[in-house]
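Let's go through this protein one "how do you know?" at a time. Have a look at the sequence and the structure first.

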Amino acid sequence: MRKVLIVGGSGTIGSAFVKEFSDTYQFSSIARNELMQAELKRKFSNVDIYFSDIQSEESLITIFSKVNPDVVIHMAAMKHVNLAEENPINTCKVNVLGSLNVISASVKTNVPTTIAISTDKACFPENVYGYSKSLMEHCFIEANTDK
C-alpha cells in the first residue's frame, strides 16, 4: 500500500481525502492543530498523526524521514481571506515560506512525488491570500524536476 503524507491533513480537504481513499492508501497527517488532529485520529484510527508547523523545515525533515512517503500532498495554508488581509506577514510565512519548507523537506528526503493544493484565487489574485497561493504555485513549478 502506498504511503501518502498529507501536510495539513486534518483540515476540511485533507480529512475528506482520507475518508475517500482510506482503503487505498496508508495515510499520515501533519498539522499544528491538536484538536483537529485528534478528531482525524478518532475518525480514522489507521492514520498516523504528527504535530508540526510547516514553518519548521527541520521538523518536516524529521517527519518525512520517519514516514518515508511515496507521495506528499501539501494542503496546509492560511485560507481565510479576511484573516490573510489582516495578517499579511503571517500569511506569507505560512503560505509561501512554509511551502518552500515542504518543497525543501521533500527534496532532502527524496520524496518521489510532492503535490500542492492551491485555489482559484491564485489565477488572478486580488488579495493577500490569492497572491500568497500564486507564489506557492510558482515555487512548486520552479522546483519541478520533471520539466
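Helices here are DSSP runs of H or I with at least four residues, strands are runs of E with at least two, and both are numbered from the N terminus. This is a predicted model, where local features need pLDDT of at least 70, side-chain atom pairs count only at pLDDT 80 or more, and totals for chains, interfaces and linings use all residues. Residues are numbered from 1 along each chain as its sequence is written, and side-chain values use heavy atoms, leaving out hydrogens and water.

Q: Where is Ser99 found?
A: Look in helix 5, which runs over residues 88–108.

Q: Why does Ser99 count as buried?
A: Buried means under 20% relative accessible area, exposed means over 50%, and partly exposed is in between (1.4 Å probe, protein chains only). Ser99 has 1% relative accessibility, so it counts as buried.

Q: Which residues does Ser99 touch, not counting residues up to four places away in sequence?
A: A contact means heavy atoms within 4.5 Å. On that basis Ser99 touches Ile54, His74, Val94, Met136 and Phe140.

Q: What makes Leu135 partly exposed?
A: Leu135, in helix 6 (residues 128–143), has 45% relative accessibility, so it counts as partly exposed.

Q: Which residues of helix 1 are buried?
A: In helix 1 (residues 12–21), they are Gly14, Ser15 and Val18.

Q: What covers the buried residues of helix 1?
A: The cover includes strand 1 (3–7), strand 2 (26–31) and helix 2 (34–43).

Q: Why is the pair of Phe17 and Phe21 called tilted?
A: Rings of Phe, Tyr and Trp (its six-membered ring) pair if their centres lie within 6.5 Å; planes under 30 degrees apart are stacked, over 60 edge-to-face, and the rest tilted. Phe17 and Phe21 are 4.9 Å apart centre to centre with 50 degrees between the planes, so the pair is tilted. The two lie in helix 1, four residues apart, about one turn of the helix.

Q: Why do Phe17 and Phe21 count as partly exposed?
A: Phe17 has 25% relative accessibility, so it is partly exposed, and Phe21, at 30%, is partly exposed too.
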